[in-house]
Amino acid sequence: MEGFIDYLGEHYLLLVLTSGYMALVLYIGWYFRKKAASGTQAFYIAKREIPGWVVSLAFFSTFTSTNTYIGQAGQAFKYGLSWAWVGLFWAIFCIISWLLLGPRMRNQTAKLGSCTIPDYFHFRYKSNISRLVRLFSAIVILFATLWYMVGIVKGTSHVFESVFGLPYAWGAAIIIAVTCAYTVWGGMYSVLWTDAIQGIMMFAVAILMVMIPIVYIGGAGELLEAIGNTAHPDVEGRPIGNGLVTFGQLTSFMYILGIGLAVGMKQIAEPRCLVRFYSIDNTKSMKFAMIWTPVFLGISLICVMGLGALVHGMASEEEASYLIKNTDEVVGFMLAKFNHPLVSGICVAGLFAAGMSSLASVMLIVGTAFVNDVLEVTVKVRQGKNILFTRWTIVLYSVIVFLFTLAPPANIVELTAFSGAIFAASFFPAIFGGLYLKWGTDLGALTSMISGMVAAIVWRFVFRLEYAALKDIHEIIPAFIFSLLVYIVVSLATKGRMPDKEHLEHLFS
Amino acid sequence: MDFLTAFPYWAIIVIIVLNAWLVSRMDVHINEDEED
């Protein structure tokens, strides 16, 4: 009993802030449960009636995750302030996504009555083959998403474990259970509204985090001076010197370019981001989101992407020697060193928000893909049962994720990145072609999907892992280019398979 | 900090502003009354 009271005394602020946050997201899920249950369109895409600021913040919080706030922030400890180049590429891809895909996707999916990315492929290309594309893409989502979810839960559970001192499995169970509950209750309504709140928290936490090393040292100038020439060792044990503030000294630009392009390309083809466009309510909202989403993302990335380099100013040489090999622990180290319960509590709640916002989005994607695009296409779901089945799918998939999280594969980060490459290479040409190229065909979509996936696998296992000179060229880049070329060539060669003129005119009007 | 290290920080600000300027001049239209 005494130990429990001591524990409460030590962690009360963290417990209050985190419990308050979790209670809020659960309340939002519960609040929307009746509205979400009013029909498939409501549960899947919130009836396309969500204001622009909510979708904008939801897109931002889905685009970034714990990987950004912990993993990428920590990378700068190893690679210096130049790591922000990766953030620049992400910001550019976010803008491209909203400019090129946002308005068209919203309009075309409404015209087609599409609720998911796979059914968009089916209705857009309108044939028996496009029905196969729908099924195939849903299966890709079901398999590729699992590793992403395990990676997110693993990262967030480690934060839980380190700040609360509770077992890792408890953290995983609590995070999955809370996220699953509000997603199952409120469907897309609760996912978007909780994402928006999580987006606000993440934006504030990004600014707060970058202030920590500055306040700790006593000013931005003093901090830059401290990290400008340091005796801390780099990954090979040599003194970093001015490497943290000098371009290209701690890593090659090719490596930064590869990671930046890989993640950026992945993000613009990820169903969890694309489906955000479906729910926006009107022109004013669309314009708002097109302007403000890059603002939320860009400013957060400015704060977060170079953070690790700044933490050198807070670390001793011994601590830096450890952190350079364990960059995922840099943010945790920074919070522990700053040792301010309120600041730590707010940051931890923000890190949970970062993980849960991405997790909820993919939970819904998985549930809708299985029921709407696998069951509906193969065995037909009884009328009125779609929402019930979707809810159960989310619950069962969450249990599977939990089991994998207890013993995650050693290379989970690589698996997550690889699944992202599969999404980008196999989905983007069919989506972009569907939105812009009237002459795009169902066969073009199917072959580009298959060839994108094959190219990603071949490049990774036959070339990238075998030849040192190619290790910095992520599989997403050749696979993306190859699948786009296949889409164009096959569509031009099978022009006779274009949907009827009336259908295309309706879509492109 | 050298020019290329500082570049991404201010470049993000520049592209955000350029994007806002571009979108404010773009003709965006969302069909609110479209049949689902």
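These questions and answers concern a predicted model.

Reader: Which element gives the most residues to the side of chain A that touches chain B?

Author: The contact takes 32 residues from chain A and 20 residues from chain B. On the side of chain A, two or more residues come from each of helix 6 (84–112) and helix 13 (283–304). The element that gives the most, with 12 residues, is helix 6 of chain A.

Reader: How many nonpolar residues does that side of chain A have?

Author: Sorted by class, the side of chain A that touches chain B includes three charged and nine polar residues. Its nonpolar residues number 20.

Reader: What is A:Ala425 in contact with, leaving aside its neighbours within four places in sequence?

Author: A contact here requires C-beta atoms within 7 Å. With those neighbours set aside, the partners of A:Ala425 are A:Gly452, A:Met453, A:Ala455, A:Ala456, A:Ile476, A:Ala479, A:Phe480 and A:Ser483.

Reader: Which residue takes a positive phi just after helix 16 of chain A?

Author: Helix 16 spans residues 330–338 of chain A, and its buried residues are A:Val330, A:Val331, A:Gly332, A:Met334 and A:Leu335. Those buried residues pack against several helices of chain A, among them helix 5 (66–79), helix 9 (168–217) and helix 17 (341–378). Just after helix 16, a positive phi of about 55° is taken by A:Asn339.

Technical notes
Residues numbered from 1 in each chain as written. Chains lettered and ligands numbered in written order. Predicted model: local features only at pLDDT ≥ 70, side-chain atom pairs only at ≥ 80, totals over all residues. Buried ≥ 20, exposed ≤ 12 C-beta atoms within 10 Å, placed from the backbone. Helix = DSSP H or I, 4+ residues; strand = E, 2+ residues; numbered from the N terminus. Contact = placed C-beta atoms within 7 Å. Nonpolar A, V, L, I, M, F, W, Y, C, P; charged D, E, K, R; others polar.
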